Amino acid sequence: MRRILFVCLGNICRSPTAEGVLRAKAPHLEIDSAGTADWHTGKSPYGPAIEAAALRNYDLKPLRARQVHPRDFHEFDLILAMDENNLADLKQIQPENARAKLCLFLDYAPETGQSAVPDPYYTRDFEGALDLIERASDGLIAAIKA
Ligand code: 4NP
């Protein structure tokens, strides 16, 4: 479990935030993020997401958006969806012989009682999204170590 891909809808808020957080917490892992949509391909993360992450010392500025591709299921060990819609969209493109395990990111934070990271692009709650992402990152690191 070393290569990890985070997936959300736009790849400009939740999944790049998760990428930045896990990169900081676990520099030995290979981490990337992608969106189920191609709307923002090549773009930086959303400004307010960059700013909220920077206040906690996570650097999202170098990241660029891309769309998820079926080949990702062969290149990553673990693909983590931010919500049930992302998970359903990923199942639609999952190859039959996929190598990657596919699940919800918050499966690694059961103590939160939540299954999805609410999209701060709509909720404007960037702090709440960061709180959930930090908790699930810690849970994921513990699960990888175990
Ligand atoms: P994300 O949030 O999936 O967390 O990156 C979104 C960002 C942009 C849009 C939707 C969700 N959008 O509609 O452009």
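Modeller: A residue counts as buried when its relative accessible area is under 20%. The structure above is a predicted model.

Colleague: Is Cys-13 buried or exposed?

Modeller: The cut-off for buried is under 20% relative accessible area. Cys-13 has 5% relative accessibility, so Cys-13 counts as buried.

Colleague: How many disulfides are there?

Modeller: A disulfide needs two cysteine sulfur atoms within 2.5 Å. The sulfur of Cys-13 has its closest cysteine sulfur in Cys-8, at 7.1 Å, and that is too far for a bond. By this rule, the number of disulfides is zero.

Colleague: What is the relative accessibility of Cys-8, which is in no disulfide?

Modeller: Cys-8 counts as buried, and the cut-off for that is under 20%. The value for Cys-8 is 2%.

Colleague: Which residue has a side-chain N or O atom 2.9 Å from an oxygen atom of the ligand?

Modeller: Leu-9 has a backbone N or O atom 2.9 Å from a ligand oxygen, and Asn-11 has a backbone N or O atom 3.2 Å from one. The side-chain atom at 2.9 Å from a ligand oxygen belongs to Asp-119.

Colleague: What share of the ligand's exposed area does the protein bury?

Modeller: Taken alone, the ligand exposes 350 Å². The part of this that the protein buries is 92%.

Colleague: How many residues of the shell around the ligand are nonpolar?

Modeller: The residues around the ligand include Cys-8, Cys-13, Trp-39 and Tyr-121, and Cys, Trp and Tyr count as nonpolar. The shell also has three polar and two charged residues. The number of nonpolar residues is seven.

Note on methods
Residues numbered from 1 in each chain as written. Predicted model: local features only at pLDDT ≥ 70, side-chain atom pairs only at ≥ 80, totals over all residues. Heavy atoms only, no water. Near = heavy atom within 4 Å. Polar contact = N/O pair within 3.5 Å; in protein donor to acceptor, adjacent residues only side chain to side chain. Areas by Shrake-Rupley, 256 points an atom, 1.4 Å probe, with all protein chains shown as cover. Buried < 20%, exposed > 50% of the residue type's maximum accessible area, 1.4 Å probe, protein only.
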